Amino acid sequence: MRTSPTLGLFPLHSVLLPGASLSLRVFERRYLDLVRECTRESRGFGVCLILIGDEVGAPATPAKFGTQARIEDFTTGDDGLLNLRIRGGRRFRVDTTHVRDNGLLLADVDWCEFDPDDELRPEHATMGLILERILEQVGGEYANPPPARMDEASWVGWRLAELLPLQESQRQALLQMDDPHARLDWMLRWIS
């Protein structure tokens, strides 16, 4: 792990996984300020699962692991609120946190290593087939993935973690795992 500069956090009651997209409605001043800074400085912010607290109001207590979010698109809704589409990037571990005067939670983070480019192991072939069936049903941005993607343990695992009906605590447990094969093992046990 390598230490990064301080990262602004956007705690949520959902887990953002690497490669996954998420839509956000932004209206609190602290998060509008965060989006403005990230846009101006061409950088992302951190998304962590809320362990204690709420998405609005007083700063929440975040999980120790999160995902860096990149803003892909933004619009203003009919209600005047900022709508963001974000995508999960690199995982991180929160080292320390502190709160700005405006209530924004900041974290010093250690970046997690990138997943290795391992192929699916034979014992996880079923997981690849399950993902294929799910992707046939959901379509959208995942319709017709390149065949090579369906052989990547990391990509298959993250997409299953995103698309299976898991509890957020289960997604958080998967986010905290460094080994893509271990993630697939856990999911295989959950669906068996």
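1. A salt bridge is here a side-chain nitrogen of Lys or Arg within 4 Å of a carboxyl oxygen of Asp or Glu. The structure holds 18 salt bridges by that criterion. The model is a predicted one, and the points below should be read accordingly.

2. Two domains are given by the domain assignment of the protein: domain 1 covers residues 6-111, and domain 2 covers residues 122-191. Their centres, taken over C-alpha atoms, are separated by 24 Å. Domain 1 contributes 17 residues to the contact, and domain 2 contributes 14 residues.

3. The size of an interface is often given as the accessible area lost when the parts come together. For domain 1 and domain 2, the area buried between them is about 1200 Å². Carbon and sulfur atoms account for 57% of this area.

4. Which charged pairing can be cited between the domains? Three salt bridges are counted between domain 1 and domain 2. R91 forms a salt bridge with D178, and the closest N and O atoms of this pair are 2.9 Å apart. There are also nine residue pairs in polar contact between domain 1 and domain 2, with both residues at pLDDT 80 or more.

5. On the side of domain 1 that touches domain 2, the elements giving two or more residues are strand 4 (61-76) and strand 5 (82-99). Strand 4 supplies the largest share, four residues. By residue class, this side of domain 1 comprises eight nonpolar, six polar and three charged residues.

6. A further salt bridge joins the side chains of D33 and R29, with an N to O distance of 3.8 Å. Both residues belong to helix 1 (residues 29-41). Because D33 and R29 are four residues apart in this helix, about one helical turn separates them.

7. Aromatic pairs number five in the structure. In the pair of F10 and F45, the ring centres are 5.9 Å apart and the planes stand at 35 degrees, so the pair is tilted. The reasoning rests on the cut-offs for the angle: planes under 30 degrees apart count as stacked, over 60 as edge-to-face, and the rest as tilted. The pair links distant parts of the chain, F10 and F45 being 35 residues apart. F10 lies in the loop between strand 1 (2-8) and strand 2 (21-26), whereas F45 lies in strand 3 (residues 45-52).

Notes
Residues are numbered from 1 along each chain as its sequence is written. This is a predicted model: local features need pLDDT of at least 70, side-chain atom pairs count only at pLDDT 80 or more; totals for chains, interfaces and linings use all residues. Side-chain values use heavy atoms; hydrogens and water are left out. Domain bounds come from an automatic or database domain assignment. Contact means heavy atoms within 4.5 Å. Buried area is the accessible area (1.4 Å probe) that two parts lose on being put together, summed over both. A polar contact is a pair of N or O atoms within 3.5 Å; within protein, one must be able to donate a hydrogen and the other to accept it, and residues adjacent in sequence count only if both atoms are side-chain atoms. Ala, Val, Leu, Ile, Met, Phe, Trp, Tyr, Cys and Pro count as nonpolar, Asp, Glu, Lys and Arg as charged, and the others, Gly among them, as polar. Rings of Phe, Tyr and Trp (its six-membered ring) pair if their centres lie within 6.5 Å; planes under 30 degrees apart count as stacked, over 60 as edge-to-face and the rest as tilted.
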